[in-house]
Amino acid sequence: MSESSSTAGAGAQSGSRDGDSVEIHLDEVTKRYGNQSAPAVDSVTMTIPAGETVVFVGPSGCGKTTTMKMINRLIEPTSGRITIGGRDALSLNPDELRRSIGYAIQQVGLFPHLTVGENIGVVPGLLGWDKARIRARTEEMLDLVGLEVGEFIGRFPRQLSGGQQQRIGVARALAADPPVLLMDEPFGAVDPITRGNLQDELMRLQAELGKTIVFVTHDFDEAVKLGDRIAVLGDQSRILQYDTPEAILANPADDTVAGFVGAGASLKQLTLLRVRDIELEEVPTATVEETPEALSARLGSRQGAVGLVLDRRRRPIRWATRRELSRAGTLATVGRPVADSVDRASTLQDALEAILTDDDGYAVVTRSRGEYAGVVGIDTLMATIRQLREQHEGDDGATS
Ligand SMILES: Nc1ncnc2c1ncn2[C@@H]1O[C@H](COP(=O)(O)OP(=O)(O)OP(=O)(O)O)[C@@H](O)[C@H]1O
């Protein structure tokens with residue numbers, strides 16, 4: 001016990017930004033459904049450090065959801081102990097416990113007959129906050145998840161896109177400022193681009209809030225991107241490996257984990273590196289008021305060179321080759337629109353995707369207000385992948 005409380009202290013210091021993060025500890029927690037002979041979760045012991053995001057990954061049916069739901073007692077453990085911030089979760093009133101833990105799930109579970117504002121205010125309402133405080137908090141939460149208050153607060157869930165519903169789900173989970181957030185495949189039901197955006201937003205939020213987050217997913221890439229640590233679970237939630245994404249990618253504990261990590265571990269390490277970690281390249285640019293000739297002159301004579309057209313606020317809008325510039329009357333319509341851009345906080349995986357959706361071999365990097373900052377080229381990414389692979393081979397050599 002003394003060991004667990006000393007880790008709680010250390011975690012709270014290093015992980016918490018708003019001072020109220022808590023450590024979660026599971027001690028030989030078992031769940032046996034009905035009178036099934038084999039438990040769904042068999043004697044799991046793990047510590048989820050304060051202020052960290054821990055991701056449970058593992059095959060379907062291995063017990064991820066059951067393990068998570070025992071933390072807020074949506075499922076009662078058959079045996080074992082769970083402490084949250086040093087308090088015995090099993091001795092607390094279950095309703096109170098649940099109100100003190102944010103919970104976001106794939107099906108979102110927004111109440112269809114309540115507006116967005118009312119949905120976000122549900123838990124604060126149950127906690128007895130007054131109307132003005134709930135209203136202020138609701139507005140703050142909408143702002144936090146990037147939705148315009150005036151436009152969204154009075155809408156009903158059916159008037160939202162899937163991604164917006166997920167954002168409201170996260171806003172609602174955070175509304176009462178719980179120190180712990182449980183997220184069960186919260187971004188499972190949206191398209192890959194929206195999913196990537198929601199993941200980025202969660203990372204931004206978490207950098208600000210420093211909650212203790214338990215996140216369940218099937219998707220190992222999502223785990224690598226979001227997790228401070230990943231718990232790779234096998235049958236009955238047996239912990240196959242519990243470590244940082246870097247360590248698991250470099251040294252999977254056994255063949256099962258290696259199978260889960262899948263092919264291309266070095267490629268996956270691209271999700272661990274950010275655009276700000278590598279040096280940006282430059283391409284010739286011109287603002288939209290300039291002439292096609294001006295940009296063409298900047299391209300010089302290099303084979304296959306492309307230039308970037310920026311709008312008046314220096315935001316990238318179009319790509320153009322010399323040939324396209326020679327035929328154009330204005331930069332406003334020359335070439336092709338920029339399909340996708342990334343920012344400095346984006347992962348190199350996102351940059352790779354942007355490169356692949358863009359025919360010119362570059363991902364455009366923008367600053368906070370969308371202004372052009374530089375580009376990441378396919379050659380730079382290939383070199384980074386090569387470097388990671390060499391490091392990875394070094395790691396293998398060290399362990400065998
Ligand atoms: N209410 C229940 N009654 C009986 N068995 C259950 C119940 N809920 C889950 N199980 C069983 O417990 C095991 C673990 O289920 P759980 O939902 O925790 O797995 P999971 O890893 O989250 O799966 P998935 O990734 O498919 O959501 C499964 O074998 C499942 O069939």
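Tutor: A residue is buried if 20 or more other C-beta atoms lie within 10 Å of its own, with the C-beta atoms placed from the backbone. The model is a predicted one, and the part to look at is strand E6, residues 101–105. By that cut-off, five of the five residues of E6 are buried, so the strand is mostly covered. The side chains are divided between two directions: Ile101, Tyr103 and Ile105 point one way, while Gly102 and Ala104 point the other way. Both groups are buried.

E6 has a pairing with strand E7, which spans residues 180–184. The two strands run in the parallel sense, and five bridges join them.

Now the surroundings. In the protein chain as a whole, 42% of the 400 residues count as buried. The chain contains 17 helices and 17 strands, and its C-alpha atoms fill a box of roughly 75 × 60 × 40 Å along the principal axes. Of the contacts with a separation of 6 or more, 63% are between residues 24 or more positions apart.

The chain is divided into two domains: domain 1 covers 2–100 + 178–262, and domain 2 covers 276–383. Their C-alpha centres lie 40 Å apart.

Four strands, in the order E11-E12-E13-E14, form an open sheet with mixed pairing. Strand E11 (285–287) and strand E14 (336–337) stand at the edges with a single partner strand each, so one side of each has no neighbour in the sheet. Within this sheet, strand E12 (residues 306–310) pairs with strand E13 (residues 316–321) in the antiparallel sense, over five bridges. Here glycine 307 has alanine 320 in E13 as its bridge partner.

The ligand is the remaining item. Its surrounding residues are Tyr33, Gly34, Ala40, Gly58, Ser60, Gly61, Cys62, Gly63, Lys64, Thr65, Thr66 and His218. By type, this shell divides into eight polar residues, three nonpolar and one charged.

To return to the strand you asked about: E6 is mostly covered, and its partner E7 lies parallel to it over five bridges.

Key: Residues are numbered from 1 along each chain as its sequence is written. This is a predicted model: local features need pLDDT of at least 70, side-chain atom pairs count only at pLDDT 80 or more; totals for chains, interfaces and linings use all residues. A residue is near a molecule or strand if its C-beta atom, placed from the backbone, lies within 6 Å of it. Ala, Val, Leu, Ile, Met, Phe, Trp, Tyr, Cys and Pro count as nonpolar, Asp, Glu, Lys and Arg as charged, and the others, Gly among them, as polar. Two strands pair if DSSP finds at least two bridges between them. A residue is buried if 20 or more other C-beta atoms lie within 10 Å of its own, exposed if 12 or fewer, and partly exposed in between; C-beta atoms are placed from the backbone. Two residues are in contact if their C-beta atoms, placed from the backbone, lie within 7 Å. Domain bounds come from an automatic or database domain assignment.
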